[in-house]
Amino acid sequence: MTAMSVLRTAAAFAARLNPLKRANQSSHLLSRAVVRSEQVAVRYESHGKRMFVIKPTEFYDGRFLKLMRYYVLLTGIPLAVFITFVNVFIGEAELAEIPEGYEPEHWEYYKHPITRWIARNIYDSPVKDYEKMMALIQKEAEKAQMRKRELEVRRHMRERGDGPWFFVNTLNEELIDQGHKAVPDE
Amino acid sequence: MRIVEKGCAGGRTEGILFYFPSISEYKMPQDYDKDAYPEPPRQTPVVDKKTALPNTSLIISKLFYYSVDLPVTAFRDAIDSIRNKNKFHYYHQRFRRVPELTECQEGDFVCYYEAEMQWRRDYKVDQEIVKIVQHRARACQQREGGSYVQNCAREYQQFQEVARAFQSRYGDLGAYASARKCLMKQKERMMAKAQEA
């Protein structure tokens, strides 16, 4: 209590001593005088009183955008620099007619050096892809043909009954003893 | 334009070559076809200064030249000089012709696949042909300005023919177009024609 009053008098004394130098604005809170709002030191505001604008927090949005920028640029900038260097120092290919008797490699049909590198080292040549697809198709065609044939054969055997499938095991006729049937009962 | 009524199977090899004779001779692709895009006559007026006032358009053009044109050209020359040390080429791939869908045995799926791939390549080529003809018509219209209706009649007529042919062959096949569907469309066309006759 006494400390507060001492502080208040000290602040009022300081304010009176130097009315121009407003070193500590909070000293005005201690003094009982009302702060005249128009006399507050304004520098870049045009007119009117200083407002304490209440708006929703931008902390989370700002943090998200900062982090997003950071992580995107972490790989984005090296990638951009690399691509710029490739474009400047290596450059794109020029279109030319195929020389006589020369079979270009499959990567020599692309323009950009990075595409060419990918086509040369990572991808299979389009000819190889084509052949792979044709081999697959041939295998599947053969499988389909075999399955169709099997169904046909089953149908025939089921119909005629004389094949290795779809028959009922009957006893051998020679095993049946016809002896006691030779003479009729009388 | 050999696309007209030629059908999906057969008659492809002559199509483009007969129309663009410049492609059959081996020309460097940098030079465009001078007949297709004729240069308009020059319209630079004779300089006849009658006033003492400075020529502002000349000043502005010189300003633009020194502030924009020269630096950009210098930069490009610098980069080109670096690039010219390791120059390499790329080529335009030429594909062999394989039997069409109509020439395949029934059930020969490998033959079907090859015919289908060839049809897809031809589809792409035809799309590009239409784009080129469109581009020519547009360039002609831009060149002629107000009098494009009479002067560009030939380009417009060519575009109309090509577009009609493309529509009749590949028209409503859709996104899942295939050689087979195109063949069926051709069959329908032929049937409709036979019915009319």
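A salt bridge is here a side-chain nitrogen of Lys or Arg within 4 Å of a carboxyl oxygen of Asp or Glu. This is a predicted model, in which local features need pLDDT of at least 70 and side-chain atom pairs count only at pLDDT 80 or more, while totals for chains, interfaces and linings use all residues. Residues are numbered from 1 along each chain as its sequence is written, chains are lettered from A and ligands numbered from 1 in the order in which they are written, and side-chain values use heavy atoms, with hydrogens and water left out.

**Stop 1: the salt-bridge network of chain A**

Select A:D124, A:K128, A:D129 and A:K132, which a network of salt bridges links. A:K132 forms a salt bridge with A:D129, with 3.3 Å between the closest N and O atoms. Both A:K132 and A:D129 belong to helix 5 (residues 126–160) of chain A and lie 3 residues apart, about one turn of the helix. Helices (H or I, at least four residues) and strands (E, at least two) are DSSP runs, numbered from the N terminus.

A:D124 is partly exposed at 33%, A:K128 is partly exposed at 46%, A:K132 is partly exposed at 40% and A:D129 is partly exposed at 37%.

**Stop 2: chain A as a whole**

Of its 186 residues, 12% count as buried.

**Stop 3: a buried pair in chain B**

Move to B:R169 and B:D126, whose side chains meet in a salt bridge (3.6 Å, N to O). B:R169 lies in helix 6 (residues 153–170) of chain B and B:D126 in helix 4 of chain B, so the pair ties together parts that are 43 residues apart in sequence. B:R169 is buried, with a relative accessible area of 3%, and B:D126 is buried at 0%.

**Stop 4: the interface**

Show both chains and select residues in contact (heavy atoms within 4.5 Å). On this basis, 20 residues of chain B are in contact with 28 residues of chain A. The area buried between the chains is about 2600 Å², of which carbon and sulfur atoms give 66%; buried area is the accessible area (1.4 Å probe) that two parts lose on being put together, summed over both. Next, highlight B:F88, B:Y90 and B:Y91, which supply 34% of the area that chain B buries against chain A, more than any other three residues.

Between chain B and chain A the count is 1 salt bridge. To find it, select B:K87 and A:E94, whose side chains meet at 3.5 Å, N to O. Helix 3 (56–83), strand 1 (89–90) and helix 4 (109–144) of chain B are the elements that give two or more residues to the side of chain B touching chain A. Helix 4 of chain B provides the largest share of that side, 5 residues.

**Stop 5: the strands across the interface**

Finally, select strand 1 (residues 94–95) of chain A together with strand 1 of chain B, which pair in the parallel sense over 2 bridges. Strands are said to pair if DSSP finds at least two bridges between them. Here A:L95 stands opposite B:Y90 in strand 1 of chain B.

Key. Buried means under 20% relative accessible area, exposed over 50%, partly exposed in between (1.4 Å probe, protein chains only).
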